[in-house]
Amino acid sequence: MSLSQLAMSISESPTLKLNALAARLREKGEPVIHLGGGEPKSKAPNDAIVHCKKLLDTGEVRYTPADGIPSLKKAIIQYTQDHYHQVVEPQNIVVSGGAKQALMVLLLAILDPHDEVIFPAPYWVSYPEMVRLASGAPVVVTPQDGSFYPTVGEIESAVTPRTKAILLNSPNNPSGAMYSREFIAGVVDLCEQRDLYLIMDDIYNRLVFDNRTCPLVYDFSKKPPEQSKVVVINGVSKMYAMTGFRIGWAVAPRALAKAMGNIQSQQTSGPSGPSQWAALGALNGDQSGVEELRSALEANRAVILESLRALDRVKVTKPDGTFYCFPDFSAYMADSQELANFLLEKVRVVTVPGKEFGFEGHLRLSYCGSAKDVTEGIARIQWALDPNAGAELAVGNQKLVRDWA
Ligand SMILES: Cc1ncc(COP(=O)(O)O)c(C=O)c1O
């Protein structure tokens, strides 16, 4: 089979692959606990379903404008005003098939071959591959102090004449770390001084704990919006538990939004109509589900942190938000892929190896499922890793027997 060099250079999304594996094992009746997931388990808001159905009931499901239907753009403008205190126009909005596609068309619109995009590690698994798909070069900045919080100086020292953009995700997948106001202010300043795009992936920015709120990039920008190169990415997947609808958006300067819309018009002709209607229902509807989800996740964070205390050699950084925790398991096993395979094979717990996020020795553990799954999943991990734990563990109606040291 002859495939392009590009196709051969891009690997499958490891997290989506794990979802498929967990589903296959469950189908076979295996008592799998999936701590590798990346989506809330709550239902989509009723308003989303009702509004989506309204379009379906007409039976007239047609092409939409490639960059999004006007009513959804209007709702996103309102959202931007309410949550970012920023006044934008329909021409600043591109609605896409998920935040992922918004990011992808953005990268296609700004990168020439070998242009560099800087992002800190740990990073979302898709960033390096997406930058490469857009013929750019990913440049990873790993905090030297071993934390999840890079300094502005570390980001700045990675800037070269080829740098086009800095890409931040806060709170962060996989670490849950939320970057400080000082850091965000410093990076905005750096981008404005060096004429770089600042891409702010805010997909988790409503899912923040401890009564804190996420610093907003616009608060620090000194340039008028049309001259600023700040782009904010968001979507309905996480805050409304609507991953399957695949609706995200970008808020960008007009000229860039136009270019992104053009690319999208040639790629997909735009996001699915029913999904846009659903997203509109969610944005205009009852908002209580967002807070319910946020507070349920905060309660689950407490559960995972408490459960992890049983593993005395694991180093845990308390997540500021999201539904991920990214503990350091290197004292048990340095190779995170090997550790994830071991946990899946021995105790049927799915985790995501830190290697995939550019941070070896760690595992990403999701607490977006039930508290029971979190507790049982961590208990199984503890049993697997602690040689002093009992020789047997009851799992569903199976009995696991330790056959390793
Ligand atoms: C950091 C980050 N950005 C973007 C996305 C993509 O979200 P969407 O489902 O809207 O494409 C994800 C999904 O996991 C994510 O973790």
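Which residues in helix 11 meet which residues in helix 13? Hold that for a moment while I cover the ground rules.

This is a predicted model: local features need pLDDT of at least 70, side-chain atom pairs count only at pLDDT 80 or more, and totals for chains, interfaces and linings use all residues. Residues are numbered from 1 along each chain as its sequence is written. Helices (H or I, at least four residues) and strands (E, at least two) are DSSP runs, numbered from the N terminus.

Back to the opening. From helix 11, we have Asn300, Val303, Ile304, Ser307 and Leu308. They meet Ala371, Val374, Thr375, Ile378 and Ala379 in helix 13. Contact here means C-beta atoms, placed from the backbone, within 7 Å.

Now the geometry. Two packed helices are described by the angle between their axes and the distance between the axes. For helix 11 and helix 13 (residues 371-385), the angle is about 15 degrees and the axes are 9 Å apart. Axes are lines fitted to C-alpha atoms, for helices over the stretch in contact, and angles run from 0 to 180 degrees between N-to-C directions. The two helices are therefore roughly parallel to each other. On the words: under 35 degrees is roughly parallel, over 145 roughly antiparallel, 65 to 115 roughly perpendicular, and the rest oblique. This contact has seven nonpolar, three polar and no charged residues. For those classes, Ala, Val, Leu, Ile, Met, Phe, Trp, Tyr, Cys and Pro count as nonpolar, Asp, Glu, Lys and Arg as charged, and the others, Gly among them, as polar.

Helix 13 has another partner. Helix 12 (residues 336-347) packs on helix 13 at about 100 degrees, axes 10 Å apart. That pair is therefore roughly perpendicular. Leu343, Lys346 and Val347 in helix 12 meet Arg380, Ile381, Trp383 and Ala384 in helix 13. By class, that contact has five nonpolar, no polar and two charged residues.

Next, domains. The bounds come from an automatic or database domain assignment. Domain 1 is 5-43 + 288-401, and domain 2 is 62-284. Their C-alpha centres lie 27 Å apart. Across the boundary, 32 residues of domain 1 are in contact with 30 residues of domain 2. On the domain 1 side, helix 2 (14-27), helix 11 (288-308) and strand 9 (324-325) each supply at least two residues. Helix 11 gives the most, with seven. That side divides into 13 nonpolar, eleven polar and eight charged residues.

On to the ligand. How many residues surround the ligand? The count is 13, and the closest are Gly98, Ala99, Lys100, Gly235 and Ser237. A residue is near if its C-beta atom, placed from the backbone, lies within 6 Å. Helix 5 (residues 98-110) brings the largest share of this shell, three residues. The shell divides into three nonpolar, eight polar and two charged residues.

Last, the backbone. Most residues other than glycine have a negative phi, and most peptide bonds are trans. Here are the exceptions I want you to look at. Ser170 to Pro171 is a cis peptide bond, omega near -5 degrees. Asn173 to Pro174 is also cis, with omega near 25 degrees. Pro171 sits in the loop between strand 5 (163-169) and helix 8 (181-194). Pro174 is in the loop between strand 5 and helix 8. Then there is Asp210, with a positive phi near 60 degrees. Asp210 lies in the loop between strand 6 (197-201) and strand 7 (230-235).

Definitions and conventions. Contact = placed C-beta atoms within 7 Å.
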